[in-house]
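Try each task before reading its solution.

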Amino acid sequence: MIKQEPDKKLIEKIILLFNEKKYLEALDLSDNIIHEYPDSILINNISGVIHTELKNYNLAKNLFIKVTNLNPKYNDGYYNLANIYNKLGEEDNAIKNYEKVIELDKSYYKAYNNLGNIFRKRNLNKKALEYYILTLNINPNYIRGFYNLAGVLQHFILNEKNKYINRFFLYLLEKKIIVRPNAIATNIINGLFLNTNLKDSFSLIENNNYPKNLNKIIEGLNKNKLLLQFMKVCPIPNYYFEKNFIKIRNEILNEIYNLNFKKIYLKFLISLSSQCFINEYVYYETDDEEFKVNKINERIKNNINKKEINDLEILILSCYSPLYSFDWCKKINPSNELKEIFILQYRNHNKEKKYIQKIKSISEINDKISIKVKNQYEENPYPRWTNLGLSIEPRITKEVIEDINLNVDLKKLNFSKNAEILIAGCGTGQHAITTASKYKNAEIFALDLSFNSLAYAKRKAKELNCDNIKFIQGDLLDLRKFDRKFDIIESVGVLHHMADPLLGWECLTDCLKKDALMLIGLYSEKARENIANIREKINSLRIKTTKKNIINFRKDIFENNTAKWDSIKYSPDFYSTSGVRDLLFHVQEHRFTIKKIRSHMNKLGLFFLGFEDTYVLDRFKRKYNQTNDLYNLDKWEEFEKNNSRIFSGMYQFWCKKID
Ligand SMILES: C[S@@+](CC[C@H](N)C(=O)[O-])C[C@H]1O[C@@H](n2cnc3c(N)ncnc32)[C@H](O)[C@@H]1O
């Protein structure tokens with residue numbers, strides 16, 4: 001009988017070449033073997049996979065069709081064929097083949113995942129969500145599935161009960177690098193109300209039967225693992241939560257020396273204290289609370305050497321002010337329970353102070369506005385973040401850029417092997433660390449005016465083992481002194497805070513290498529209309545920028561229910577002190593129109609390569625279907641006219657020097 005399949009060793013040899021990315025050698029070998037074993041399922045399948053890698057999609061398709069004909073029960077064959085159809089844009093055929101895979105093997109999680117991707121592309125987000133949940137129920141360790149789930153949750157509002165989703169939310173919040181919690185916060189809030197008894201706990205808080213009900217309330221809240229974790233990772237952008245947390249904080253403060261079940265309070269207070277710390281104590285506080293907090297502070301101060309201090313009093317204080325602000329803190333040897341809060345509110349702060357000593361400066365800051373801006377961010381580094389969304393793996397520069405689909409012929413561009421990338425105005429590092437995770441072998445330079453922001457960034461970079469970023473202090477106006485050119489420059493949310501954004505942009509342009517690309521993020525006049533009105537009001541009332549005024553102003557907005565300012569309550573920035581300051585009290589803010597951007601680019605000899613935000617791009621593509629439209633600023637102007645909030649996340653676009 002003729003052997004159908006070649007020797008195992010030959011197959012292993014091809015796989016080895018494939019894994020070493022020697023695709024052409026692998027193909028030569030597999031072509032030779034196919035000659036001898038034309039009906040080998042394995043070798044036809046492998047050959048298809050190699051052709052897929054070489055982007056010979058039609059050849060690959062024919063091979064996979066052959067494989068499935070040779071063995072109609074071979075699910076890998078259907079899976080590979082489905083992937084090819086997907087790449088060729090034949091989505092209906094892809095769906096059919098993924099479904100065939102699932103029919104043959106109900107646990108083939110990648111088929112569910114890829115179906116989810118197709119539905120997401122078709123804007124069938126609810127269906128996509130169902131498929132990602134199916135994927136993760138089969139394989140709860142499939143990281144790509146979590147990334148996809150996080151992606152779909154950013155553009156879909158959960159409005160039905162779902163018994164699985166909270167478990168996955170919890171996972172997303174516990175992992176530090178899959179998604180920014182803010183991006184999925186609305187859905188987590190929905191998930192908490194739909195799938196847990198949070199409403200009951202909150203109504204007990206509101207019903208005001210204290211202190212009788214206090215234990216019961218705290219026990220109820222403690223059962224809600226998702227809530228406790230959520231409180232630790234981002235300012236919860238919802239006033240209903242805020243009101244209840246303010247109330248419960250006050251009640252615990254009142255009862256702090258009468259609490260019976262210490263353990264349950266410890267657990268809850270750790271989350272509440274984290275929440276207050278990460279929102280930078282933006283919650284309103286009464287005079288009575290201030291008085292009581294001072295008294296506890298005095299008591300601790302006077303008893304610090306007698307070891308008569310209990311964890312609860314320290315914790316409740318840390319719900320009103322950060323531990324580093326209390327002088328006695330350095331004398332405390334924290335218990336195991338307190339350690340988490342000590343690290344968050346005391347040790348991290350000390351670490352950052354040490355890092356500041358090591359950060360090098362390129363210049364003294366002389367520009368008047370830069371000095372003011374620096375002071376703002378020294379007092380309130382922004383944004384203060386815990387988790388973020390990093391790339392699963394870094395890739396070479398060209399591959400990363402190829403994915404953004406810019407109006408540029410990549411074949412003609414030369415990037416250095418170790419791309420040098422400048423993040424101008426890196427703030428607290430979220431942007432720089434995200435970029436560092438995308439590009440293989442890149443050297444990242446992260447510049448900012450504010451030492452405190454840079455120190456925060458450096459601490460977070462170390463925490464995430466991100467070691468290819470150099471943090472530098474200085475004004476981007478002085479970049480000349482740094483004497484370097486870059487392959488990529490990214491500056492998002494920075495130029496509009498300068499006295500003369502065009503001058504700032506020019507300084508960046510001067511630092512571009514010949515083929516270099518630049519990503520710029522600027523405020524949109526149209527999208528920020530409402531914010532501009534509130535800023536005007538603040539100016540007309542001559543409200544000085546103090547923490548107290550910020551807190552009172554927020555209270556006013558919440559309590560007076562001015563409908564015309566309502567949209568501000570939906571901004572996540574409205575729920576932290578640095579956020580409100582950045583949003584409404586900034587010392588310097590310019591806003592742009594597409595016309596103005598175009599005129600600036602003309603002056604600088606730059607041309608437009610395309611917008612960055614995939615959500616914005618998807619919305620645009622639903623209306624304009626010609627590829628060229630994507631790069632036509634007239635079309636974008638028209639689009640923004642009809643979608644005034646579309647650039648609420650800023651105009652973020654790529655550009656390049658005209659050759
Ligand atoms: C709104 S934050 C944005 C931070 C960061 N790009 C991000 O997206 O997370 C603006 C940052 O730009 C920095 N910045 C403003 N003007 C600058 C200048 N002239 N030179 C360097 N950094 C500047 C500020 O210190 C601040 O940290």
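Angles under 35 degrees count as roughly parallel, over 145 as roughly antiparallel, 65 to 115 as roughly perpendicular and the rest as oblique. The model is predicted, so local features need pLDDT of at least 70, side-chain atom pairs count only at pLDDT 80 or more, and totals for chains, interfaces and linings use all residues. Numbering starts from 1 along each chain as its sequence is written.

**Exercise 1.** Find how helix 26 and helix 27 are oriented to each other, and which residues make the contact.

*Solution.* 
- Step 1: Locate helix 26 at residues 547–560 and helix 27 at residues 577–584; helices are DSSP runs of H or I, at least four residues, numbered from the N terminus.
- Step 2: Their axes come within 10 Å and cross at roughly 80°. Axes are lines fitted to C-alpha atoms over the stretch in contact, with angles from 0 to 180 degrees between N-to-C directions.
- Step 3: The two helices are therefore roughly perpendicular.
- Step 4: Lys547, Ile550 and Arg554 of helix 26 meet Thr577, Val580 and Arg581 of helix 27 (contact: C-beta atoms, placed from the backbone, within 7 Å).

**Exercise 2.** Which strands pair with strand 2 through five bridges and through three bridges?

*Solution.* 
- Step 1: Strand 2 spans residues 420–424; strands are DSSP runs of E, at least two residues.
- Step 2: Five bridges link strand 2 to strand 3 (residues 443–448), running parallel, and Ile421 has Ile444 as its bridge partner. Pairing requires at least two DSSP bridges.
- Step 3: Strand 5 (residues 486–492) is also parallel to strand 2, through three bridges, with Leu422 opposite Ile489.

Note on methods
A residue is buried if 20 or more other C-beta atoms lie within 10 Å of its own, exposed if 12 or fewer, and partly exposed in between; C-beta atoms are placed from the backbone. Two residues are in contact if their C-beta atoms, placed from the backbone, lie within 7 Å.
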